[in-house]
Amino acid sequence: MTGLLLLLVTSQPPTAQLMAGYEAFRAGDYAEAARRLQGLAARSPRTRDYVSYLDAESAFYTGAYDRARSGYGEVAKIKTSRFAGVAAWRGADCLWAQGKRAEAAAAYRKLLAKIPPLVDPVVARFRLAELASGDDSARQFRKIFLESPAHPLADEAAKRAGAQPKDNTPVAGDARERLRRAEKLADGRHYDEALRELDALAVDTPELRAARDFQIGMAKYRMRRDYPQAAALLLGAVPQLPGDKAAFAQFHGARALSRADRDDEAIAGYRVVVERFGQSRWAAEAQFLSGWLEFNRGRWKEAAPGLEVTLARHGRTAFAADAAWFLALARYFGGAGAGALDALDLHEKLARKDPEAPRRALYWRGRILETLGRTDEGRGRLRDCARRWPFDYYGLLARARLKAAGETVPLSLPSSDHSERPPAPRRNDPTLERADELLRAGLIAEAGYELERAEEGVSKRLGREAALPLLLERYARMQGFRRAYHLAEGRAASVLQAMPSGSARLYWEAAYPQAYKDLIDKYGPPAGNPDLFLYAIMRKESGFAPQVVSYADARGLLQVIPAVGEEVAADEKIPFFADELFDPDVNVRLGAAHIGGLVKRFGGQLYLVAGAYNGGSKPMQRWVKAHGRRPFDEFVELVTYEQTREYMKRVVGIYARYLYLYRGEIYQLPMTLPPLPEGDL
């Protein structure tokens, strides 16, 4: 770098210089990043660790390993930095890159004793295996293949171990080791790879055959693929499996039969769990499900005994409250209203820790009282429900039912104590200043991360009440939407029950933000999504966190499943790679297109759209066909999938708050389902 160019760079304000270096680093121009960041650490006391780490990374990728090692060493000394742990490992990587293999190996061995976050230890283990010789090297490579089966170096490790056949079948070895390897693959949701491993595994004893079949069955079960075969494998393995694992297989085999719509066989399977494995952790749930499956197919009287036995034998378990709830509904649908009220009382008592229980019980108590001819009592309960929980699902239902009876319940939210903002505290808090500096430099997510890491310290120094609005304001600018809404709900719950006016609006907008608004505005309306609806889905799905993954491998802000993303991308005629679903732009584009298609298919009925997005379009169409002529409240309670049923209720409540906060409108639920567009059923 010429002296003039160096002078021009270093004469920039530190924040501008960091921004330029960061932008060059992100663009892959590491030489330019290194020029921009050189000497900046001394001028950036608040963000020194970020500057030094970016500088070291830039130097590493340009081959300036001595400079990189020096930078990593400086970061490692800053024990409070998020990079302190990984910096030491990167220093060892520099030694390896310089050809100083013995020094690097000594460093790796020392570091492997305590592995910090953000570190990939497999690379170090692979390099140590390279330095070993003979059988020891083969053993270390083999261990990598078996214990880190999803790692990109796993196949290469197998080849280095000398045990990978030419036909590319999995590495030979002990069947139990291979079973553990397949289990690790499945635990990491690499189901296809796990199945390939298991299919290639030759077993020569009934015990090993059962263990293999168990794993294949569970992989298929978790993939939601081929439930009949999953059931056959799991149930067939039961006689050869030990104790609790046998109970587990019997229970999940019965569940697979249920999901394959073979309810009689599933109920029989659950009864086996109760009879043969009555002391297992699965017995109470199996007993409950044997009654619930009867309820689920509309056999109200047949459902009651299984649910009553659950309450009698397992009244202290987590399934007792649900048993009482479905017993109440079974009695209601079966015409035994008085008995339904008794079961409702029991449900509310058993579900004391469930915040939905009082709302659910109050609403249905009102509905059942009306059916018993006690209209005034019933409407009093509905009125109370609508007033206490105006934006929750059951409060909205109560409002709609009263409106149908000619009664309008006025929205009556209390005034907030936060009519005026609290006096601004001193703002020179070191954490706030550090986060603000990262934000100005364009490290938006990093700023939010640092603020969250040190959030409690800010609250202690400034006082919790005074610090809260400062934190919420910053999180909104730093895309820390997830933390902001948790913070608002946790520390300002009473404010969220009041009018969203004055300074209370800050708390409401933190709890119900228009997160990633530019992307929602860009992709939502063209795909046919109603105003504000995608925010409700995003809040429920990911809590505005772009990197989350569900147990079903749904990814990103709108929790798009890779198979759905691939299908939508093909329709949109754009290339698709599953990992791109963690990119907010790609996720919102594909998710908005998919949800927009559901909006069209279900005639803009957002509660059905939400249910179809969670549980699938075909199941929702099936439920509408089976129960769509019932009153709306009954229809929702008869949605088969518990997760989907509760998802619909939750999204309705979230959307109602968005609609009121940003448009001043009260969401109206129907009393009956309007007809769907022609051809959809």
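Q: Which helices do the buried residues of α10 pack against?
A: The buried residues of α10 pack against α8 (121–131), α9 (134–147) and α11 (175–187), where contact means heavy atoms within 4.5 Å. The model is predicted, and local features need pLDDT of at least 70, side-chain atom pairs count only at pLDDT 80 or more, and totals for chains, interfaces and linings use all residues. Residues are numbered from 1 along each chain as its sequence is written, and side-chain values use heavy atoms, with hydrogens and water left out.

Q: Which residues of α10 are buried, then?
A: In α10, which spans residues 154–161, the buried residues are A154, A157, A158 and A161. Buried means under 20% relative accessible area, exposed over 50%, and partly exposed in between, with a 1.4 Å probe and protein chains only.

Q: Where do they sit around the helix?
A: Viewed down the axis of α10, they fall within an arc of 105°, so they line one face of the helix. The arc is that of the directions from the helix axis to the C-beta atoms.

Q: What comes just after α10?
A: G162 follows, with a positive phi of about 80°.

Q: And α32: which of its residues are buried?
A: Helix α32 (residues 562–572) buries P562, G565, V568 and A569. They cover an arc of only 125° around the axis, which puts them on the same side of α32. An α-helix has 3.6 residues a turn, so residues three or four places apart point the same way.

Q: What about the other side of α32, and what does the buried set pack against?
A: On the other side, A563, E566, E567, A570 and D571 are exposed. The buried residues of α32 pack against α33 (584–601). After α32 comes K573, whose phi is positive, near 60°.

Q: Changing topic, how many helices and strands are there?
A: The protein chain has 37 helices and zero strands; these are DSSP runs, helices being H or I of at least four residues and strands E of at least two, numbered from the N terminus. Of the 681 residues in the chain, 52% are buried.

Q: Which residues touch the most other members of the largest nonpolar core?
A: F295, F635, Y667 and L669 do, in a core of 202 residues. Helix α37 (residues 642–663) supplies the largest share, 12 residues. Another core, of 17 residues, lies apart from it and includes A175, L185, A186 and A211. A nonpolar core is a set of buried Ala, Val, Leu, Ile, Met, Phe, Trp, Tyr and Cys residues joined through side-chain atoms within 4.5 Å.

Q: How does α23 pack with α37?
A: Helix α23 (residues 393–404) packs with α37 at an angle of about 75°, and their axes are 8 Å apart. That makes α23 roughly perpendicular to α37, a label for angles of 65 to 115 degrees; under 35 degrees counts as roughly parallel, over 145 as roughly antiparallel and the rest as oblique.

Q: Which residues make that contact?
A: Y393, Y394 and L396 of α23 meet K649, V652 and A656 of α37.

Q: Is R539 buried or exposed?
A: R539 is buried, with a relative accessible area of 3%. R539 lies in helix α31 (residues 533–541). Leaving aside neighbours within four places in sequence, R539 is in contact with Y485, E489, A511, Y512, F544, R650, I654 and Y658.

Definitions and conventions. Axes fitted to C-alpha atoms, helices over the stretch in contact; angles between N-to-C directions.
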